[in-house]
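Welcome! Have a look at the model below, and then let us walk through it together.

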Amino acid sequence: MAIVTSDFLSALFTSYSVVWEQAFLAAQNQQNFERYCTTVPSTTDTESYNWLGNVPAMKQWTDTRDIQGMSAYNYSLKNLHYEVTIGVDRDTLEDDKYNLIQPRIQQLGLEAARFPANQAITALVDGGSTGNNSYDGVTYFSASHVEDGSGLQSNTNTGSGVSLANIRTDLLAARTKMRRMKDNKGRPMNIIPDLVIIPPDLQDVFEQLITTNLVAGAGVAGTLVGQVAMSNNLMGAVDIYVNAYLTDTSDWFLMATKYPMKPLIYQLRKAPEFNAVTDPNDFVVFNQRQFYYGVDSRFAVGYGMWQTCQRVTN
């Protein structure tokens, strides 16, 4: 039987801290949400992004510099607190079963690493809902985006279906629309997409389209029915990211992730931190015979450049 002293608990916490950090770092390396999220360090409760938008066009310098103000937007993100905590009965430690706690500590590390990624996917899924606005005051996925001289623009598409032929048609259309995006001066932005985020249900058809060098040729009525194999000019056109948290089995997203401002914003105020209540003289421990181990963080996920993301819904 273990003697649950302060020194014992302190040493146990140190050991668990290492276990948590190792699990967190390993899981974090598997998350790729920062590929499509611009990470912005935060130093206060709420951060303003009123500078979002396009910069003026370059022109010939004829006399003095022509100082032009940037478009004024009112967009801000408020950091939220997040936590996950487990309780451990004192008897578990007294009965020398503390090694059984380790897998749960590892799970805390896993949860802390993947939670921001889940929040990012949730933002994408909810991007067409009222109130989930981009910096221009319009719903993130909308056919009503306009900035000064850009004209009316859209980053949402109604798909034609989920067959290989449908996906190919819709991918080409969304790519063309993204490349024809105009800035607030009416200039083509020529944005080049490099990533698709899809649900597991579409993995097979996207892999056929993107990762193979031959696809079925056009058959009856122009559909891809497999009579003829033809060279696939879309092979390697984009990377594929399969995410099981996408709730609709037939919707997907096309993104450009290599620009200074990405489709989403990950605003980090406080990185995940592992803590515990393990003082045997603490009132909670005295009253409930419970030790607590938990993780907390503080951040926000918001919308970046809508021009770099196209949604296709079926």
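This is a predicted model: local features need pLDDT of at least 70, side-chain atom pairs count only at pLDDT 80 or more; totals for chains, interfaces and linings use all residues.

Two strands are said to pair if DSSP finds at least two bridges between them. Helices (H or I, at least four residues) and strands (E, at least two) are DSSP runs, numbered from the N terminus.

Residues are numbered from 1 along each chain as its sequence is written, and side-chain values use heavy atoms, with hydrogens and water left out.

**The whole protein**

The secondary structure comes to six helices and 13 strands. Of the 314 residues, 43% count as buried, where buried means under 20% relative accessible area, exposed over 50%, and partly exposed in between (1.4 Å probe, protein chains only). Contact means heavy atoms within 4.5 Å. Among contacts between residues at least 6 apart in sequence, 77% join residues at least 24 apart.

**The sheet**

Four strands form an open sheet with mixed pairing, in the order β1-β11-β12-β4. β1 (37-41) and β4 (80-89) stand at the edges with a single partner strand each, so one side of each is left without a neighbour in the sheet. On average, neighbouring strands of this sheet are turned by 30 degrees against each other, direction ignored. The table lists the pairings.

| Strands | Sense | Bridges |
|---|---|---|
| β1 and β11 (residues 264-277) | parallel | five bridges |
| β11 and β12 | antiparallel | 11 bridges |
| β4 and β12 | antiparallel | 10 bridges |

Individual residues show how the strands line up: T39 stands opposite Y266 in β11, and the bridge partner of F274 is V295 in β12. Is β12 mostly covered or mostly uncovered? It is mostly covered, as 11 of the 14 residues of β12 are buried.

**Helices on the sheet**

Helix α1 (residues 6-28) touches β11 and β12 (290-303), and its direction makes about 155 degrees with that of β11. Helix α3 (residues 102-125) touches β1, β4, β11 and β12, and its direction makes about 20 degrees with that of β12.

α3 has a kink of about 35 degrees at R114, shortly before the proline P116; the bend at a residue is the angle between axes fitted to the seven residues ending there and the seven starting there. The buried residues of α3 include I105, L108, A112, P116 and L124.

I121 also lies in helix α3, and I121 is buried, with a relative accessible area of 0%. Which residues does I121 touch, leaving aside its neighbours within four places in sequence? I121 is in contact with Y36, I197, N243, Y245 and L246. The C-alpha atoms of I121 and Y245 are separated by 6.9 Å, although these residues are 124 residues apart along the chain.

**Helix α5**

In helix α5 (residues 203-211), the buried residues are V205, F206, L209 and I210. Seen down the axis of α5, they fall within an arc of 115 degrees, so they line one face of the helix; the arc is that of the directions from the helix axis to the C-beta atoms. What covers the buried residues of α5 includes α4 (164-179), β6 (195-198), β9 (239-242) and β10 (252-255).

Technical notes
Axes are lines fitted to C-alpha atoms, for helices over the stretch in contact, and angles run from 0 to 180 degrees between N-to-C directions.
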